[in-house]
Amino acid sequence: MSGLQAGAEQQQRREESSARAPSPSRFVLGLDVGSTVIRCHVYDRMARVRGSSAQKVENVYPQPGWVEIDPDTLWVQFVTVIKDAVKAAGVQMSQIVGLGMSTQRATFITWNKKTGHHFHNFISWRDLRAAELVKSWNNSLVLKLLHGACRVLHFFSRSKLMSTISRFNFTTQHVTLRLVWILQNLSEVQKAAEEDNCCFGTIDTWLLHKLTKGSSYATDYSNASTTGFFDPFGMCWSKLMASIVSIPLSILPPVKDTSHNFGSVDEEIFGVPIPVVALVGDQQSAMFGECCFQTGDVKLTMGTGTFLDINTGNSPQHSNGGFYPLIGWKIGQEVVCLAEGNAGDTGTAIIWAQNLDLFTDAAETEKMALSLEDSEGVYFVPSFNGLQAPLNDPCACASFMGLKHSTSKYHLVRAILESIAFRNKQLYDMMQKEIRIPVTNIRADGGVCNNGFVMQMTSDLINERIDRPAHFDMSCLGAATLAGLAVGFWTDKEELQKLRQSEMVFKPQKKWQEYEVNMENWVKAVKRSMNWYNKT
């Protein structure tokens, strides 16, 4: 046999052997860039976490009420958690078939289109610098005329959009007036916008821009719909809202499907070009991760803040201003809409109490609360970042009321946990009043849902069963599953529902009436905390 023939046979055997050998396992990455933590999980086909990494998000407070994030620090942390998670999973970057990214919403940045350099830090959704603008605009003649005109138009047209605008009020959590503040106060941003050299982006847009080294510039419908100047009925940026507050549409990114091929990570960053195939807002991502796919499904997220979302089907639900219509996700022709209400201080209140040495570990708080019959008339108002719907007061203060000589740290801790449950009750009642869709399931997630005292009290107050999942990082899972669907890692949503695991279902044990007097007193405390600050 010639050397040439022998070589050919050896090559054939290698190819046959390679064909018989199992292909390397494949995985997807789910990332969540939250308000306090950046997490990355590596998921396998069974939606099990194979490796994880997390880093604390460092918020910057340059002035009272201002909350920012250093973008350069965030970028380094983002890249690091991906590398560390893949290493912890014991897999290679080449085995990652897709990356999905969930991000805190309405936190934004602007940058120079030509150079890519940012003009300022990220302005957090918790930032209150635009509070005076919010108050001024909500009391303005322009908004009153807009409300009146839209009420008339709704009377004749029965348009849901006109109904929603007729009740619309600005909040500090919307991007709108914080971006207006930036345009008014940073001359270089205003100049760049006038010269068509300014890019605006929420965290997802900016990270995508960085991952692709500037080749991709986009956001998705879920993130766009939380800015305050997106029209969920027309599925586009609102020309009306942008013109009213003078935001140039030219600085806004194109809006794409939630599960979509946004481009690949530049090879220099991780050594291989990983496809970025899902961008999604953190609450919508948690909704998807919880498999709240049916109209009437409800998600209660208790993390940094509390977010209550209900699936309203394929069309936005107009509300009276407490619950906002959002896009949950868009995948091809499928559009799922949500209505959302939120409270700003949940996990932040617990972290604050921990920093005061009221306890060492948040896990202790449940036992501390249960060791008492009640809070002995002590009430806590969770308002470090103002009060959101239904009160909408950015000038409210956080406070304890009803303190006595006998008050101990146990009473303080119980009062904090009770305030979270009372706030949940407020949001749930508002949802029932405004969104007239029968509730089918309620599923909880977020770090605070690990607290059995809060979960049981919430179940009692709203008189509903609440399902707590086996794993709480639903924003990571939602981003991963949206990415996995885009690349065929999972087939459809039915397969995802089969993979979901429930850890416990909380059922009502007490009647709402047993809490009624306490809640009335808490509401009284809340009212006394309102309009505390003349300026935020």
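Analyst: In this predicted model, the buried residues of helix 7 pack against strand 7 (108-112), helix 6 (175-185) and strand 9 (198-202). Helix 7 itself spans residues 187-194, and its buried residues are Val189, Ala192 and Ala193. Viewed down the axis of helix 7, these buried residues fall within an arc of 100°, so they line one face of the helix. An α-helix has 3.6 residues a turn, so residues three or four places apart point the same way. On the face of helix 7 turned away from the buried side are the exposed residues Ser187 and Glu194. After helix 7 comes Asp196, with a positive phi near 55°.

Beyond its neighbours within four places in sequence, Thr172 is in contact with Trp125, Asp127, Leu128, Ala130, Ala131, Val134, Arg178 and Pro394.

The wider chain is next. It has 19 helices and 23 strands, and 58% of its 536 residues count as buried. For 536 residues, a compact globule would have a radius of gyration near 24 Å, and the chain agrees with this at 24 Å. Along the principal axes, the C-alpha atoms fill a box of roughly 100 × 60 × 45 Å. Of the contacts between residues at least 6 apart in sequence, 72% join residues at least 24 apart. The chain exposes about 22700 Å², with carbon and sulfur atoms supplying 50% of that area.

In soluble globular proteins, nonpolar side chains tend to be buried together. The largest nonpolar core here has 53 residues, and Met302, Leu308 and Met431 are those with the most contacts inside it. Helix 15 (residues 409-434) gives the most to this core, with 12 residues. Leu308 is in contact with Val298, Lys299, Leu300, Phe323, Ala339, Glu340, Gly341, Leu427, Tyr428 and Met431, leaving aside neighbours within four places in sequence. A second, separate core has 46 residues, including Ile123, Cys198, Phe200 and Phe229.

A search of the whole structure finds 0 disulfides. Cys40 is buried, at a relative accessible area of 0%. For Cys337, the closest cysteine sulfur is that of Cys236, at 14 Å, again too far for a bond. Cys337 is also buried, with a relative accessible area of 1%.

Arg468 lies in strand 22 (residues 466-469). At 7% relative accessibility, Arg468 counts as buried. Not counting residues up to four places away in sequence, Arg468 touches Ala444, Cys449, Asn450, Asn451, Gly452, Met455, Ser502, Glu503, Met504 and Phe506.

To return to the helix of the request: Val189, Ala192 and Ala193 are the buried residues of helix 7, while Ser187 and Glu194 are exposed on the face turned away from them.

Key: Residues numbered from 1 in each chain as written. Predicted model: local features only at pLDDT ≥ 70, side-chain atom pairs only at ≥ 80, totals over all residues. Heavy atoms only, no water. Disulfide = S-S within 2.5 Å. Buried < 20%, exposed > 50% of the residue type's maximum accessible area, 1.4 Å probe, protein only. Helix = DSSP H or I, 4+ residues; strand = E, 2+ residues; numbered from the N terminus. Arc of directions from axis to C-beta. Contact = heavy atoms within 4.5 Å. Rg over C-alpha atoms; globule rule 2.2 N^0.38 Å. Areas by Shrake-Rupley, 256 points an atom, 1.4 Å probe, with all protein chains shown as cover. Core = buried A, V, L, I, M, F, W, Y, C linked by side-chain atoms within 4.5 Å.
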